[in-house]
Amino acid sequence: MVITCLTLNCERGCTVSDTVTAADIADNRWCECLYHDPKVVLELQDANEDGYLYEDEFCAMFDQMTDEFIMDWPHSYQKNFDECDEDRDGLMSSAEIETCYDRVCVEDCSTAADRDARTDTWCECRTSSYDVIIEQFDENDDGSIELSEFMRIYTEDTDTININFSQATTTRAYFYTEAVNGSTDTGYCAM
Ligand SMILES: [Ca+2]
Ligand SMILES: [Ca+2]
Ligand SMILES: [Ca+2]
């Protein structure tokens, strides 16, 4: 019921209608609900974790003086990170990165239209492997990516992932360049 109620309120308060203008929606912090799963509200506000919002938990979303919505929505990088961190231990292990990289690459870049729609270079993921992430962003060299490392990959404003594929020096990419692109006379990787 909580989820249904939140969804109804999001639709009602944040859809242009006779009483709601596009400017109202832009000014209304609550209307970021359009971009978040309503479960996020429940997770953030359900202080005693019983799956319900009691009056005190509900009221904590609002300034008691002005009645303005004051809850902080989670940053999208946190949401994206959590989706990859399957065991929720706060680290993307190399196995989690590989799974997530492949999944998101397929989701974002499976059709030519998807690829054309993206202005960043993310869809080069199709010809590279997940280890470019570890190579470029694992600052403390522990083989996994923590949130602060992930934030360097991710641009929140545009919701894009920034990886410099051209700097990829993975074995696979290196071998490919050397052996297949004919950048050496021999056509194979010399020892
Ligand atoms: Ca509760
Ligand atoms: Ca993890
Ligand atoms: Ca690390």
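A residue is called buried if 20 or more other C-beta atoms lie within 10 Å of its own. In this predicted model, the buried residues of helix H6 are Ile 97, Cys 100 and Tyr 101, and buried residues make up 12% of the 191 residues in the chain.

**Overall layout**

- The chain has 10 helices and four strands, and from the N terminus on these elements follow the order α-α-α-α-α-β-α-α-α-β-α-β-β-α.
- If one takes the contacts between residues at least 6 apart in sequence, 50% of them join residues that are at least 24 apart.

**Confidence of the prediction**

- The pLDDT of the chain averages 83, and 85% of the residues score at least 70.
- Confidence is highest in strand E1 (residues 91-92), at a mean of 95, and lowest in helix H10 (residues 171-179), where the mean is 50.
- Over residues 183-191 the pLDDT is below 50, although this stretch has nine contacts in the model beyond near neighbours in sequence.
- Where pLDDT is low, the predicted coordinates should not be read in detail.

- The partners against which the buried residues of H6 pack are helix H5 (76-84), strand E1, helix H8 and strand E2 (145-146).

**The largest nonpolar core**

- The largest nonpolar core has 14 residues, of which Ile 97, Tyr 101, Ile 133 and Ile 145 touch the most other members.
- At least two residues of this core come from each of helix H6 (94-109) and helix H8 (131-137).
- Tyr 101, when its neighbours within four places in sequence are left aside, is in contact with Cys 125, Tyr 130 and Ile 133.
- In soluble globular proteins, nonpolar side chains tend to be buried together.

- Apart from its neighbours within four places in sequence, Val 2 is in contact with Leu 42, Tyr 52 and Leu 53, and its C-alpha atom is 9.5 Å from that of Val 41, which is 39 residues away in sequence.
- Cys 5 also has its place in helix H1 (residues 2-13), and it counts as partly exposed because it has 13 C-beta neighbours inside 10 Å.
- Between the C-alpha atoms of Cys 5 and Pro 38, which are 33 residues apart along the chain, the separation is 9.3 Å.

**Two loop residues with positive phi**

- Most residues other than glycine have a negative phi.
- Asp 67, although not a glycine, has a positive phi of about 65°; this residue is found in the loop between helix H4 (55-59) and H5, and it is exposed, with 8 other C-beta atoms within 10 Å.
- Arg 88, also not a glycine, has a positive phi of about 55°; its place is in the loop between H5 and E1, and with 7 C-beta neighbours inside 10 Å it counts as exposed.

Methods: Residues numbered from 1 in each chain as written. Chains lettered and ligands numbered in written order. Predicted model: local features only at pLDDT ≥ 70, side-chain atom pairs only at ≥ 80, totals over all residues. Core = buried A, V, L, I, M, F, W, Y, C linked by C-beta atoms within 7 Å. Contact = placed C-beta atoms within 7 Å. pLDDT = per-residue confidence, 0-100.
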